[in-house]
Amino acid sequence: MKEATTSKIAWGWLALAAVFLVYPLVFQSAFFRDIGVLLLLAAISASAWNIVGGYAGQVSVGHGMFFGVGAYVPLMVFTHLGWPPLLGVPIAIVVVLVLSVIVGMPTFRLQGHYFSMATLAVAELIRLLVGTWDFAGAAIGLSGPAIPRGWWDLTFTSELPYYYIFLGVLATLLLVTWQVQRSRFGYYMRAVKAGERAAKSLGVPVRRTKLFALMLSAAFTSIAGSLYAIKTGFVDPESGFGILVSVQMLIIAALGGAGTLIGPLIGAIILIPLQTATNTWFGGGGSGLTYILYGGIIVLLARFEPGGLVELWNTYAPRRWRSGSHAP
Amino acid sequence: MLLEAKNVAKHFGEFRAVADANLTVAEGDVIGLIGPNGAGKSTFFNCLAGDTEPTAGTILFDGQDVTNASTETHARLGIGRTFQVPATFEDMTILENVMVGAFMRHPGRADARAHAEKIIEMTGLREHAHLRARSLGTPGRKRLEIARVLATGPRLMLLDEALAGLTPGELQQAITLVRRIHETGVTLVIVEHIMEVIMTLTARVLVFNQGHVIASGKPQDVVKDPLVIEAYLGHGHGKRARKRGPAA
Ligand SMILES: Nc1ncnc2c1ncn2[C@@H]1O[C@H](COP(=O)(O)OP(=O)(O)OP(=O)(O)O)[C@@H](O)[C@H]1O
Ligand SMILES: [Mg+2]
């Protein structure tokens, strides 16, 4: 029974991987490939958020701060030092690790919503500061190399290379998350989410667990930001540190199912095409519309299924298709 | 002495939930803690388990001062406790709940799982192992609390009404389980309102009333103590569900 479920899940993942691998070969128009790239990027960000927000239950509303650093640093090293943006990626990771310690250390002492509020405030503060900081291009933002000096600049005219790079990063992140989920650290994160007091009484180092979760999550969020900046070749305060960046990760993970491996991916598969469609049909950047869409999803989740679609599936799908308690 | 609590007090503002309580526990003891609702038993447990810092007093465990040590340190040193209101991890399975406890002394996943499975077998939770904790009723969750703490490999276990609310049949099973835990070398302090449990399991009881230890000795003698009878009669004798303290 248990083995049967496990192998069914494995087959499901393989099928999903196959679909993602052939997608851009089947849909060759720039429009569909672009959606694919956007979807992968959103899935990476939401999966990264999911580590601390989903598994450890520490809801960050300011993950844009890590995404933004990841986006800015590669373009900074290009603009000011002429380095390939790629070299900025590890530097950004170091910066976000320091940043997550600064945000996490004081707030993880306390229970409740202090962490959420602190992340929101810090992300906004950074957005405002970067908007006035000339070295970071102030309100205008920064650009990457317009003409590639070599493959290492990762500047391609086709969407295809980006698609497969993003897919590789997403696969790596999901593998890491899967390993973490099975390890002691993974169990400790879930215990912290379920009840700090009981977790402590069983010897779980609650504060350290939250901090490590945040650091791991921040590192991958930073990578997502770097991918975005390298692909787009441009970043400004809004696209790097904006509130929509933070909220999108949260919404996607929650929609699919926070604290599950596949949840953020499902959330991205649903939200990104939906968001693209509403923006296309109703014209413009549609940022006001995006707020309405996000608000609607939050209301629906809160009203009907806080566990997201994965939980909905586990509750209502025919018994033999269900994955038991282990989220797929 | 395995545990020595000296003049422990816990005040909430002006209110003295625990005042000047003393307790010594030798390795291998089974000690009962009784007293009317709101007497301060759970609060005293919280002090012993490092869940709350006592306002005054010292607590030594195996000779080491743990008065102000963290909850995790208490757990690692070998003080385990259950909660009066079960605090099981609701969205995790029974096996996963027990594994969280097992991980403390078995960092590897396979080891932790094997150890947790042994504990699950011993506590009779086998058939529910892959169900979520939230699907259990109160008796099951109390049992899971015991299993989870047991998995941390404690030297001392503090059971806070872990046997309350069971049917007579379940109660007998639970008493057998506690006996078996004791036989494996675990020292026990048990808070319980059910006198049957106290009489059959413990060799020594302490009676709490309004934060004070008002009597101690053999269970048969203590129940005849006029002070104890007075405490119970004066505090809602026969209607112990009347008032439930918020501390669990
Ligand atoms: N955090 C707190 N803040 C204020 N008062 C508290 C707190 N915790 C407990 N108390 C009070 O301390 C007193 C002792 O409570 P405690 O839970 O320790 O009693 P108990 O002996 O365990 O009772 P019961 O048999 O009902 O479980 C009660 O009057 C309770 O209301
Ligand atoms: Mg109590």
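Biologist: How many residues of chain B are in contact with chain A?
Modeller: Keep in mind that this is a predicted model. On the chain A side, 24 residues take part in the contact. On the chain B side, the number is 28 residues.

Biologist: And what area is buried between chain B and chain A?
Modeller: Carbon and sulfur atoms give 58% of that area. The whole buried area between the two chains comes to about 2300 Å².

Biologist: Which elements of chain B give two or more residues to the side that touches chain A, and how do the residues of that side divide?
Modeller: The elements are α2 (71-77), α3 (94-102) and α5 (138-150) of chain B. As for the residues on that side of chain B, they divide into 12 nonpolar, 6 polar and 10 charged.

Biologist: With charged residues there, which residue of chain A forms a salt bridge with E96(B)?
Modeller: Across this interface the rule finds 3 salt bridges, while the count over all chains is 17. In the one formed by E96(B), the closest N and O atoms are 3.0 Å apart.

Biologist: Let's turn to chain A by itself. At what angle do helices α4 and α5 of chain A pack?
Modeller: Helix α4 covers residues 88-107 and helix α5 covers residues 114-130. Their axes lie 10 Å apart, and the crossing is right-handed. The angle is about 145 degrees.

Biologist: Which residues of α4(A) make that contact, and how many charged residues are in it?
Modeller: From α5(A) come Y114(A), F115(A), A118(A), T119(A), V122(A) and I126(A). From α4(A) come L99(A), V103(A) and T107(A). The contact has 7 nonpolar and 2 polar residues, and the charged ones number none.

Biologist: Where do R127(A) and E124(A) lie?
Modeller: Their side chains meet in a salt bridge, at 3.0 Å from N to O. The two are 3 residues apart, about one turn of the helix, and both lie in helix α5 of chain A.

Terms used
Residues are numbered from 1 along each chain as its sequence is written. Chains are lettered from A and ligands numbered from 1 in the order in which they are written. This is a predicted model: local features need pLDDT of at least 70, side-chain atom pairs count only at pLDDT 80 or more; totals for chains, interfaces and linings use all residues. Side-chain values use heavy atoms; hydrogens and water are left out. Contact means heavy atoms within 4.5 Å. Buried area is the accessible area (1.4 Å probe) that two parts lose on being put together, summed over both. A salt bridge is a side-chain nitrogen of Lys or Arg within 4 Å of a carboxyl oxygen of Asp or Glu. Helices (H or I, at least four residues) and strands (E, at least two) are DSSP runs, numbered from the N terminus. Ala, Val, Leu, Ile, Met, Phe, Trp, Tyr, Cys and Pro count as nonpolar, Asp, Glu, Lys and Arg as charged, and the others, Gly among them, as polar. Axes are lines fitted to C-alpha atoms, for helices over the stretch in contact, and angles run from 0 to 180 degrees between N-to-C directions. A crossing is left-handed if the near helix is turned anticlockwise from the far one by less than a right angle, and right-handed if clockwise.
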